[in-house]
Amino acid sequence: MGQVCLLQQFCIFFLENKIKMRFLFRSSVVSIIFFLIFALVLSAQIKQDARPASPILGFTPPHAASEHELESEFQSIPSLDKAREWHRIFTAEPHPAASDRNNQIADLVAGEWRKQGWENVTLRRYDVLHSRPRSVSLETTAPVHFTASLREDAYEVDPDTKNPAVSGSYFGYSASGDVTAEVVYAHSGNPQDYDLLRKNGINVKGKIVLVRYSNPYSYRGFKALTAEREGAAALLIYSDPAEDGSTRGKVFPDGPWGPESHIQRGAITYDYIVPGDPTTPGWASVPGAKHIAPEEARSLPKIIALPLSWRDAKPLLENMNGPEAPKDWQGALPITYRFTGAVKVHVKVDMDTSRQLYTVVEACIRGSELPDEWVLLGNHRDAWAFGGVDPSSGTASMMELTRALGELKQHGIRPRRTVVVCSWDGEEYALTGSTEWGEQFADDLKKKLVAYLNVDESVAGAATTAGPEGLSFSPSAVASLAPMLVEASKDVRAPSGKSLYEAWRATTMRASKAGTPPLDGALVETRIGSGSDHTVFLNHLGRPVINLGFTGDYGVYHSMYDDHYWMAHIGDPSFEYHVALTRIWGLVALRLANADILPFDFGFNASALEQFLRELEQRSKIEPKRLSLKRLHARIAEFEKAGGLLRNVVARDLLSSPVSPKKFQRLNEELLQVESNWLDPDGIPGRPWFQHLLYSSRYTYAHLEFPGLTEAVEKQDWKLAGKQAALLEKAVEKNTRLLKSAQSSWEKNKQ
Ligand SMILES: [Zn+2]
């Protein structure tokens, strides 16, 4: 049970079994026994409490003790049955952005938050360029005639799959058009795949390109930009069973993987250049805002594109008669995959690309002592279809979290800092709702936001196929917050019965196939890509972020089968993972909201930076005469030393001497400033919206550290690389100075 205290376990057990308990109480004999056990547990707990409470990073011992108490109360509130109920409500109907259902759910969330006791519940509207299909079709005209269904099959066991409101195949922001052309198979649709086609004398100009979703994975919006640059007339992306289908295991409705007709919808926006409403790049789409013409928008694709199930893609692949594709291009269909030959396709896509309203629901619980310091929680609401995993698993976890914090508030327990929660809209299109909201409140957020805690999918894996260690807990976080996240995981119980920390170590060990458990420092993924709502807060506003979620076998992403049936029968039938996620999310939020000293660890942060830099050097083999990174290594070493010293001095003083609130306040302001100093207002070369010097994402959505420097090195633009390295040196040096002066003023000032 890790460090979760006995009384807390008892409370959780009691609340989860309330109904059964009520029945038991009817027998007076049973109730006497029950109270005897209760008294025993309580006395054991009192004995335990005689020992000092385990410390918490950033808390004085008395505050750590009261924090543990409060956290126990918090953890006893979330319920499995309620999580299941929320999940059923949110997944009852398809709810893509701008649909009536998604707007109804916004009202529902707002109403529930009011009932739960949240304050300033507000619906923020954004007038954004949206994209939805009027009609789509695809047929082969040679050598055989075949019309693609572009639909997913219904299954008797899951009546939701018969819902006529589910859309067919489409990509958000595909261009409209009507083309007939020869098909070329381009493997994964990455630039090196087109290079190989060229080597084989095949040009895709004016052709229809057919690619697989992953192998290796890349964001579909990058495949679209690549196909557009290659001059293709249209792009088709299909799900090969090798990646998310029968090759991996049992398919829906018998297992977690995608069946033959499943379609991975999605947007193909170039939001790695600038996210949010494509016609308001860098400012908020509040009603009445200026919009640029769609033709000028850098993030809007100009290519026609459609997603296909493998069942619809198979006739295209199997009727080709050209040269055989290489071995690593072969998928799992029982055919020979060829580059091209004989297959002609007619694709017609007619999109309604017009302005629609998106709604962000926002609420807060005002902080009792530091109302102008905010801890922000968020999850997106819009889904391609029912959103069983993406995002309604996260929404169900969030609603249990807000219910629990609301209940604490009703008991008179307010966080010291303000906790803000948001239900985002249009994440699936271009991270739109969070981006517009972040741009609207940029000034406040830069000053007040302590951290943003994002949950997109809380349970993206099948507990039923996960084995004894359970699903993997797979959070990512800026390195400065990684140690506090690891610490919090020790106080939450995982569904396997171990502490979340122990479960996390076990699944990490399983994944790495190492014989020994990982070090604490290696548990949190500190490399953060894009593809969810944390992007604006980290990359544009320079605020620290954490992403939380469980992962495992999951092959129905963005398809109709990502629904309540999948979750309740295959993913998380007990809903224990949903509740575990609520608990860790809430604990991290409460610790950030209540800490005396914000638990940033810049010593650890620096060691992660050193690691990133070494990885860049190993990958790129930089000749010292072209670019020397010696000074940057030295600056990082100084930063590590300053961060470690400050951390140790503060930890020592928190234990020994009483510290005045003013002194806490001064240090917290300085710690928040460190995170802000990673922002460069000019942005990274070519992508000015992305302003963080340490973190960005690649066009594939993959993580990208030291983005300006790394991209310059990869282009072998040594002059630019030198400039970017100097920018980094300056920022690291500035932060080292800040930490040193923070330490000396901490030690000097008694008050
Ligand atoms: Zn999502």
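Select Pro143 to begin. Pro143 sits in the loop between β2 (132-142) and β3 (146-147). Strands here are DSSP runs of E with at least two residues, helices are runs of H or I with at least four, and both are numbered from the N terminus. The peptide bond from Ala142 to Pro143 is cis, with omega near -5°.

A word on the model before moving on. It is predicted: local features need pLDDT of at least 70, side-chain atom pairs count only at pLDDT 80 or more, and totals for chains, interfaces and linings use all residues. Residues are numbered from 1 along each chain as its sequence is written, and side-chain values use heavy atoms, with hydrogens and water left out.

**Next stop: Leu150**

Select Leu150, in the loop between β3 and β4 (171-172). Leu150 is not a glycine, yet its phi is positive, about 55°. Is Leu150 buried or exposed? It is buried, with a relative accessible area of 4%. Buried means under 20% relative accessible area, exposed means over 50%, and partly exposed is in between (1.4 Å probe, protein chains only).

**The zinc ion**

Now select the zinc ion. Which protein atoms are its donors? They are His380 (NE2), Asp390 (OD), Asp456 (OD) and Asp456 (OD), lying 1.9 to 2.6 Å from the ion. Donors are N, O and S atoms within 2.8 Å of the metal (3.2 Å for Na, K and Ca); water is not among the atoms, so sites may look incomplete.

The angles among the four donor atoms run from 53 to 147°, and the site is irregular. Four donors count as tetrahedral if all angles lie between 85 and 135 degrees; four count as square planar and six as octahedral if opposite donors are over 155 degrees apart and all others between 65 and 115; anything else is irregular.

Along the chain, the donors follow the spacing H-x9-D-x65-D. His380 lies in strand β12 (residues 370-380) and Asp456 in the loop between β14 (449-454) and β15 (459-460), so the pair ties together parts that are 76 residues apart in sequence. Both His380 and Asp456 are buried.

**One step along from Asp390**

Select Asp390 and Pro391. A cis peptide bond joins them, with omega about 10°. Pro391 is in the loop between β12 and α11.

Go on to Ser392, in helix α11 (residues 392-410). Ser392 is buried, with a relative accessible area of 0%. Leaving aside neighbours within four places in sequence, Ser392 is in contact with His87, Phe90, Thr91, His95, Phe386 and Gly387. Contact means heavy atoms within 4.5 Å.

Which residues meet here? Leu80, Ala83 and His87 in α5 meet Glu576, His578 and Val579 in α19.

**Helix α15**

Select residues 482-489, helix α15. Eight of its eight residues are buried. Among them are Met484, Leu485 and Glu487. The buried residues of α15 pack against β17 (476-477), α16 (500-512), β18 (545-547), α19 and α20 (602-620).

**Val375, in β12**

Return to β12 and select Val375. Val375 is buried, with a relative accessible area of 0%. What does Val375 touch, not counting residues up to four places away in sequence? It touches Thr418, Val419, Val420, Val450, Ala451, Leu453, Ala589, Leu592 and Ala593.

**Gly643, in α21**

Select Gly643, in helix α21 (residues 630-656). Gly643 is buried, with a relative accessible area of 4%. Beyond residues up to four places away in sequence, Gly643 touches Phe602, Gly603 and Leu739. Gly643 and Lys740 are 97 residues apart in sequence and 8.3 Å apart in space, C-alpha to C-alpha.

**Last stop: Phe706**

Finish at Phe706, in the loop between β21 (703-705) and α23 (707-714). Its phi is positive, near 45°, in a residue other than glycine. Phe706 is buried, with a relative accessible area of 2%.
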